[in-house]
Amino acid sequence: MPPLEVWEKVLINADAVQNDVHGYIPCTQCHGGQNVDDKTAAHEGLVRDPSVDAEKVCGDCHKDIAPYQSLSLHNNLAGYDTALYSRSVPENHPLIEEGESYHCNDCHATCGQCHVSQPTSVGGGLISGHIFEETPSMSRQCTACHGSRVKNEYTGAHEGIPADVHLRQARMTCTDCHGAGDMHGTDYVLTGEIPQHRYDGEQAPACEDCHADDIAIGQGNEYHDAHGTEVLSCQVCHSTTYINCTDCHLQQSDEGVPFYRLEHEELAFTIGRNPLRNSQRPYRYVPVRHVPTFPDLFAFYGENVLSNFDNRPTWTYATPHNIQLRTPQTESCESCHGNDDYFLTPDKVPQEYREANADVIVPFAPPLPERYEYRPEQEAAPPSADPLDAPPPSADPLDAPPPSADPLDAPPSADPLDAPPSTPDPLDAPPSTPDPLDAPPSTPDPLDAPPSTPDPLDAPPGS
Amino acid sequence: MKLTPLVLVAILLLVVAALASAQEPPAVEPVSVTAVATPEEEATVAQLVAMLPTVQPLDTSCINCHQDAELLQQLAEEPEVVEKLSEGSG
C-alpha cells in the first residue's frame, strides 16, 4: 500500500475506539501529554509508542503476555547479537551496540507495532484508526518489516518464480503458521528454552505439523522413501530461487543520517551442509542463503570490529518462503545428484570466505547411487524390480537414525560431520588425502554406496 | 344422593378446612432490627467497591482533534524530507 500521509498516521476512528475495551482508558493515561486544545501543550511529554514498556502499559490487564514480551526475538532482536557477537570479541561489543542503535534498533517490535500501528521501521501510522487488532495485518505489519525476503518470496514478487503454494492455494497468512506464543515469547516460558536466534530450539512451525501423513516413509512417495526424513530439510526439494545479499556497508552521512549500501544481490538456490545440525534439525543438507555481511560491515564504527569474522558462515541455514510441490529439484534424481549447480561447491565461495564457510561447503554434488546406473537396462523390467521403486535398503547410511545425543553438544569427534578420518565420508576426508573440496565429482559418495549385503530388491528380475 | 363413606369423609374434610380458614392469624410482635456493619465488613465493602470499573472522563480534546481529518491536515507538519541514502533490499 502507498505510504501514509503524516496526518493519516494519527487519524483515529473515535466511534470504534470508544466501543473498544481500550476506549475506557483515557488517551493521556498511556500516551502522556495533556488533554487540552492547544496542540503544543497537548503534545508536551507525549509518548508515541507507550507499549515500548509493555509490562507497565499493557501488563495491568495482559498479565499472561506482557511480562514475557522481552523473551520474543521480535522484541529483543537476540538473533542480531548472537550473530554479530560471535563474529567479534567482547571488547568490540560496544562498537557493535553503537552501530545497532543507528541501524537495527528501530526493528524492535512492540505490542503496539503489531496490534495498533505499522512498525516504526517502516514509518509507523495507525492501521485501523487506533483500534486494537488481535491479529496483525500481514501486509501492513508482518511483511512491512519482513519484506525483501519473506514477502517477495511468499507473494511471488520475483519474476518467473510463483508465489508460495500456501498462499496460492490455501490463502494462508503469516499467523496461520507463526502463532502468538512464538511472537509473544510465552512459548518459551513453557519450554524454558529462550531462543538466541530464529533457528534455536524446536522447529516451530514445522512442516509435519500439517503434513505428517505426506512426509511419513512408506506413503508411496519414492523421493520421501529414498531420502528419509533426516537427510534433507523439506525446503531442499520444495523451495526454489531466493534472494541472497552480500557485502552490506553500514554508514552515516555527513549529517549523521544512518544508511546502508548493499553491494550485491543475487537470486539463487543453493544447497549446503547443515551448519546447525542437531537433534531438532538433523538434516545433512539444507538450503543456505548468503546473508548481507562481510568483515568490514561495521568499519564505519571501528576498525576490525568483526575480528572473529570466520567464526560463523556467511551462507546460513535458510527456510525460504516459496514452497512449491514441484520444483526443478523434484524433476528427476539427476536434478540434484551429480549436479553441482545446486550445491555450494568450493568454486562458488571466494577463497577468503572458505574458512568461515567450511561447515557449509559441499565438496561436490552427491553422485547418483551406483544401482541407479543400471536403470536403462532395467527399464523393461516389472515395476517391482526397478531399483528406483524399491524401498531403500535398511543398511543405507542415508537412513541411519540420527545420533541420540545432540551432536552440537557432543565432543567434536562424536559429531558425524566431524567423524575421524577413517570414516569414508568425503565431507570429512583427512588433510593428508587429496583435498575433498577439490575432489572430482566422480568420487563415489559412500552415503550412496550400495549396502554391504545384496538387497534382493536390487536383483535382476527373474532371479 | 347416596351418602357413601367416601362422600362423608369428603364432607368432613371440607368442614374442617372451612373452620380452620375462619380462625384469626397469630399475632406477631414487631422486632426492631438494626443492621450495623462491623469495621471488618465495611473494609471489605470498600475493597469491593474499589475493584469496580470506573468510567473515567475521556480525553475529549485529544479525540476531537485526532478524529477530524481536515483539522489534522491543517495542523500537520510535514517531516523534513531526508534523501534516501540506503541502497539495496532492506
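A strand, as the word is used here, is a DSSP run of E of at least two residues, and strands are numbered from the N terminus. In this predicted model, A:His249 belongs to strand β1 of chain A, which covers residues 242-252. Its side chain is in polar contact with the side chain of A:Glu263 at 3.1 Å. Apart from neighbours within four places in sequence, A:His249 touches A:Phe259, A:Tyr260, A:Arg261, A:Glu263, A:Phe294 and A:Leu297.

The size of an interface is often expressed as the accessible area lost when the parts come together. Between chain B and chain A, about 2,600 Å² is buried, and carbon and sulfur atoms give 58% of that area. On the chain B side, B:Asp59, B:His66 and B:Ser89 lose the most area to chain A, together 21% of what that side buries. The contact involves 26 residues of chain B and 27 residues of chain A.

There are 10 residue pairs in polar contact between the two chains, counting pairs with both residues at pLDDT 80 or more. Two elements of chain B, α3 (60-66) and α4 (69-75), each give two or more residues to the side that touches chain A. The largest share, five residues, comes from α3(B). By class, this side of chain B has 11 nonpolar, 10 polar and five charged residues.

One salt bridge is counted between chain B and chain A. A:Lys39 and B:Glu77 form a salt bridge.

| Pair | Type | Distance |
|---|---|---|
| A:Lys39 and B:Glu77 | salt bridge, closest N and O atoms | 3.1 Å |
| A:His249 and A:Glu263 | polar contact, side chain to side chain | 3.1 Å |

How values were computed
Residues numbered from 1 in each chain as written. Chains lettered and ligands numbered in written order. Predicted model: local features only at pLDDT ≥ 70, side-chain atom pairs only at ≥ 80, totals over all residues. Heavy atoms only, no water. Contact = heavy atoms within 4.5 Å. Buried area = accessible area lost by both parts, 1.4 Å probe. Salt bridge = Lys/Arg side-chain N within 4 Å of Asp/Glu carboxyl O. Polar contact = N/O pair within 3.5 Å; in protein donor to acceptor, adjacent residues only side chain to side chain. Helix = DSSP H or I, 4+ residues; strand = E, 2+ residues; numbered from the N terminus. Nonpolar A, V, L, I, M, F, W, Y, C, P; charged D, E, K, R; others polar.
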